Amino acid sequence: MTDECKPVLNTGLRGVTVASTRISDVNGKEGKLIYRGYLVKDLAEKACFEEVIFLLLFEKMPNSKELESFKKQIASERMLPSRLIDALKTRPADSLPMDILQAGVSMLAHHDPDTRIDGSRDASLRMGIKLIAKLPVLLAAWERIRKGKEPVAPSLELGQAANFLYMISGSVPDDELTGFFDACLTLHAEHSFNASTFSARGVASTRAHMYASIAAAIGSLSGALHGGANTRVMMMLKKIGSIDAIEDYINNELETGGKIMGLGHAVYQIDDPRALILAPMSKKMGERAGETKWYEISKALEQKAKAAFKKHKNMDIFVNVDFYSASLYYSMGIDMDMFTPLFAISRIAGWTAHVIEEQFADAAHKPMLYRPASDYIGDYCGPDECTLSPIEERG
Ligand SMILES: CC(=O)SCCNC(=O)CCNC(=O)[C@H](O)C(C)(C)COP(=O)(O)OP(=O)(O)OC[C@H]1O[C@@H](n2cnc3c(N)ncnc32)[C@H](O)[C@@H]1OP(=O)(O)O
Ligand SMILES: O=C([O-])CC(=O)C(=O)O
C-alpha cells in the first residue's frame with residue numbers, strides 16, 4: 001500500500017470505547033453530563049462539593065450523618081508533612097503551580113505507608129481521600145510561599161471550598177463567595193475518559209499506586225488543549241483587551257491557523273453544559289467585584305467567534321468549560337496561573353474514583369492493561385531493515 005492509500009490513523013481514539021465505567025456519562029449530542037446517575041446541573045445547584053466527592057467514591061449520595069463524618073475525615077487528613085513544606089520553600093518562586101502540584105503528589109507518596117501495601121482496595125481508597133484532602137492545601141501553601149508568605153494552616157472546620165479560599169487569603173470567605181467556588185469545584189469534578197483521567201487510568205492499569213496515577217493525571221491536565229486552556233483563555237481576553245478588538249483577533253487566529261482558547265471540544269457537539277452554568281456565574285462574580293468587562297468581552301467573543309467559524313470554516317463551534325471559568329476566577333482575584341490548579345483540586349475527586357474503578361471493578365467490568373497498537377512508519381532504509389555498521393564507519 002502506498003503512503004497516499006494508507007488510512008489516517010491519528011484519531012486520538014475519538015469515539016473508541018476502551019472500557020466501561022459507572023462513574024459518569026458525557027452525552028455530547030444533548031449536552032448532558034451525569035455523575036453516577038445525577039445531572040451535574042442539579043448537583044451544582046443543590047449539593048456541596050463534599051457530597052459530590054462522596055457520590056463519586058462511594059456510588060451514592062450521602063445522608064446527613066455520612067456527610068458530616070466524611071467532612072471530618074477529609075479535614076483530619078489536610079495537614080501536610082512539615083518536610084514537604086520545607087521542600088516547597090526550596091523551589092524557584094516562578095515554578096509553574098501545576099509542576100509543583102505534580103511533584104508534590106509524588107513527594108506525598110514518600111510519606112504514606114499505604115503506598116507500601118500492594119493491591120488493596122482499602123489502601124487505594126485511603127490514598128485517594130488523603131490526596132483529595134491534601135492537594136488544595138499543597139496548592140495554597142505554594143501560592144503563599146512563592147509570594148514570600150508563610151502558609152496558612154488548614155482549618156478543621158471549613159469545607160473544601162471555604163478552606164482553600166481561607167488558606168490562600170488568610171481570611172474566611174463569605175457564604176456567597178464560598179457558594180460560587182463550591183459550585184465550580186462540583187462542575188469540574190468529573191468528565192469520563194478525558195485526557196487526564198485516561199492518563200490516570202493508563203497508569204493505574206499497570207497496578208501502579210494512587211499517587212503515581214494522580215501525578216500522571218496532573219501532568220496531562222496542565223496542557224493547553226486540556227485544563228491548561230482556562231489560563232490561556234484569560235491571557236487571550238487580556239490580549240484582546242476590549243470588545244472593539246475582538247473581530248481582528250478572531251480573524252487573525254483563523255487566518256494563521258491559531259486556536260481560540262475555550263472553544264471546541266472532543267465530545268460536545270453543542271455548548272458544554274458546564275459553560276452554560278459558569279457564564280451567569282462569571283457575570284455575577286464580575287458584578288460583585290465591580291468589573292464586568294471580562295465577562296462582557298467573553299460573551300461578545302463567544303458570539304463573534306461562532307459567526308466567524310460559520311463564515312470562514314463553515315463549521316459550528318461551541319464554548320467549553322474553560323471559557324467562562326477564566327473570567328469567573330479572575331473576578332475572584334485568583335492569579336491566572338492558578339486557574340488550572342483549581343481544576344486539579346476539583347478533578348482529583350473524579351481521578352481517584354477512576355483509579356479505584358480501574359483497579360477494583362468487578363470481574364465482569366474489569367478493564368485490561370492499556371496497550372494500543374501503533375502504525376510503524378519504518379521507511380528508514382526502504383523496505384528492508386537497516387544494516388548496522390561499526391561506529392567508525394558511520395557518516
Ligand atoms: C477541559 C477541557 O479539556 S475542554 C478543552 C479545552 N481546550 C481548549 O479550549 C483548546 C482549544 N480547543 C481545541 O484545541 C479543540 O477544540 C480540542 C482539542 C479541545 C478538541 O478538538 P477536536 O475534537 O480534537 O477537534 P479538532 O482539533 O480536530 O478540530 C476540528 C476543527 O475545528 C477547529 N477547531 C476546533 N477548536 C478550535 C479552536 N478552539 N480554535 C480554532 N479552531 C478550532 C480545528 O482547527 C479543526 O479545523 P480543521 O478541520 O480546519 O483543521
Ligand atoms: O472531556 C474532555 O475531553 C475534556 C473536558 O471537558 C474535561 O476533562 O472536563
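Helix H5 passes helix H6 in a right-handed crossing, where right-handed means that the near helix is turned clockwise from the far one by less than a right angle, and left-handed that it is turned anticlockwise. Helices here are DSSP runs of H or I with at least four residues, strands are runs of E with at least two, and both are numbered from the N terminus. Please keep in mind that this is a predicted model, in which local features need pLDDT of at least 70, side-chain atom pairs count only at pLDDT 80 or more, and totals for chains, interfaces and linings use all residues. Residues are numbered from 1 along each chain as its sequence is written, while chains are lettered from A and ligands numbered from 1 in the order in which they are written.

**The H5–H6 pair**

- The axes of H5 (residues 97-110) and H6 (residues 121-145) come within 10 Å and cross at roughly 135°; axes are lines fitted to C-alpha atoms over the stretch in contact, with angles from 0 to 180 degrees between N-to-C directions.
- That angle makes H5 oblique to H6, oblique being what remains after under 35 degrees (roughly parallel), over 145 (roughly antiparallel) and 65 to 115 (roughly perpendicular).
- From H5, Pro-97, Ile-100, Leu-101, Gly-104, Val-105 and Leu-108 meet Leu-131, Lys-134, Leu-135, Leu-138, Leu-139 and Trp-142 of H6, with contact meaning C-beta atoms, placed from the backbone, within 7 Å.
- By class, this contact has ten nonpolar residues, one polar and one charged; Ala, Val, Leu, Ile, Met, Phe, Trp, Tyr, Cys and Pro count as nonpolar, Asp, Glu, Lys and Arg as charged, and the others, Gly among them, as polar.

**Two domains**

- The chain is assigned domain 1 (24-228 + 336-362) and domain 2 (239-330), with bounds from an automatic or database domain assignment.
- Their C-alpha centres lie 27 Å apart.
- The contact between them takes 16 residues from domain 1 and 15 residues from domain 2.
- On the side of domain 1 that touches domain 2, H8 gives the most, with four residues.
- That side divides into ten nonpolar, three polar and three charged residues.

**Ligand surroundings**

- Ligand 1 has 16 residues around it, of which His-226, Ala-229, Lys-259, Leu-263 and Gly-264 come nearest; a residue is near if its C-beta atom, placed from the backbone, lies within 6 Å.
- Both domains give residues to the shell around ligand 1, so ligand 1 lies between them.
- The ligand 1 shell holds seven nonpolar, six polar and three charged residues.
- Around ligand 2 are His-191, Asn-194, Ala-266, Val-267, Asn-320 and Val-321, a shell of three nonpolar, three polar and no charged residues.

Key
Contact = placed C-beta atoms within 7 Å.
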